[in-house]
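The following briefing sets out the architecture of a single protein chain, grouped by topic. Please read it alongside the sequence and the coordinates.

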Amino acid sequence: MIFSFFHKKRIEISERYDFAKNLKKFKKLRKSKKLIMGVTVGRSGMTWVLEILKAHKNIYGGGERNSTCESFFRYAKHNRLNVDETALLNSIISETLNDWKKNNISFQLSPYFSHCIDLIEKNLSPDGYIWGINEVKFTVQSFYNKGWYYPDYNFSNGRKIPGFSLSDSVKPSHFFGRIVPKGKYYNSWLKLTRIGKISWYVNFTNKVIYNSLKKINNNKIFIFVLKKGDQNYNFYLKLAKWLGIKKKLDLKSFLKIKFMKKTMFKSIENKKKNLTQKEIKEIKILTKNFIKTYEKAFKTTDY
């Protein structure tokens, strides 16, 4: 019995790495099932959206299911490393196939998909993208409270690509996820406060997401603005219609999900920091593009 169990597990693991077989199965099932991607810089309430979707009978998904893999490929994309991208695609496909065993819609969420949207669209052509976007100061401060860019990289030459840091050996995604500017700008970035560095990251990453999504058919994109969607049943109804969900959650069930996860503004990671004048100035200067994008997203969402 023990041998049979481990033999079965070895087969399951082996099949998970068979990209050609998984891709063939994925394409066949796509005719009757859906794949939705969740993209965001992070700190935008998208884990709440995930819980809302998982509350439905035929929808399942996950967030950062393979964080090391996902963060590494974003790191590689950002630094223009010529690596084979099959592993990332297979990771997404494998999780999707697992969701599709008992469900019709798979929702794959990760902030690390930000730099790989073009790759995902070209090879997997998802049925849609939910883009989570949040107000600037809240997002920056939330990353600050999470400890982003602390401690500093063991990195002294901006002309080179950062080497893996000893401090991130326990969780590699912490290193791969915290990208830094390339080239000459690195020295200027290094002189910024930690708030300034995070402001650059938030602005830059959202710009990458925006530039990728604008190439995709607008009907495939649903914009989620936390400040407008928070406990807003009309937001949920719009999302359900966009996804083609027939059996919708009632108002009471929808509101109950809000308090199942720590997505509230009261959580530790969302506490406000008293900003210095220098930090306020850095946020203002470094997030100009992001502010414009956020304001546009806020105005155009009709819920």
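The buried residues of helix α4 are covered by elements that include α5 (86-100), α8 (172-177) and α10, where cover is judged by contact, meaning heavy atoms within 4.5 Å. This is a predicted model, in which local features need pLDDT of at least 70 and side-chain atom pairs count only at pLDDT 80 or more, whereas totals for chains, interfaces and linings use all residues. Residues are numbered from 1 along each chain as its sequence is written, and side-chain values use heavy atoms, with hydrogens and water left out.

**Helix α4**

- Helix α4 (residues 67-78) has 12 residues and spans 16 Å from its first C-alpha to its last, close to the 16 Å expected at 1.5 Å a residue, the expected span being 1.5 Å times one less than the number of residues.
- Its buried residues are S67, E70, S71, F73, R74, Y75, A76 and H78; buried means under 20% relative accessible area, exposed over 50%, and partly exposed in between, with a 1.4 Å probe and protein chains only.
- Just after α4, R80 adopts a positive phi of about 55°.

**The sheet**

- Five strands form an open sheet in the order β2-β3-β1-β4-β5, with parallel pairing; two strands pair if DSSP finds at least two bridges between them.
- Strands β2 (59-63) and β5 (221-225) stand at the edges with a single partner strand each, so one side of each lacks a neighbour in the sheet.
- From one strand to the next the twist averages 20°, with axes taken as lines fitted to C-alpha atoms (for helices over the stretch in contact) and angles running from 0 to 180 degrees between N-to-C directions.

**Strand β3 and its partners**

- Strand β1 (residues 34-40) pairs with β3 (residues 105-109) in the parallel sense over five bridges; M37 stands opposite Q108, and L35 has S106 as its bridge partner.
- Strands β2 and β3 also run parallel and are joined by five bridges, and S106 is the bridge partner of Y60.
- Five of the five residues of β3 are buried, so this strand is largely enclosed by the rest of the structure; I105, F107 and L109 lie on one side, with S106 and Q108 on the other.

**Helix α15**

- Helix α15 (residues 288-300) has 13 residues and reaches 19 Å from its first C-alpha to its last, close to the 18 Å expected at 1.5 Å a residue.
- F290, T293, Y294 and A297 are buried in α15, and, seen down the helix axis, the buried residues fall within an arc of 100°, so they line one face of the helix; the arc is that of the directions from the helix axis to the C-beta atoms.
- The face of α15 turned away from its buried side carries the exposed residues K288, K292, K296 and K299.
- Cover for the buried residues of α15 includes β4 (128-133), α7 (136-145), α10 (194-213), β5 and α11 (226-229).

**The chain as a whole**

- The protein chain has 15 helices and five strands, defined as DSSP runs numbered from the N terminus, with helices being H or I of at least four residues and strands E of at least two.
- Buried residues make up 50% of the 303 residues in the chain.
- Among contacts between residues at least 6 apart in sequence, 80% join residues at least 24 apart.
- The chain exposes about 16,800 Å², of which carbon and sulfur atoms supply 54%, with areas computed by the Shrake-Rupley method.

Technical notes. Accessible areas come from the Shrake-Rupley method with a 1.4 Å probe; for residues, only the protein chains shown count as cover.
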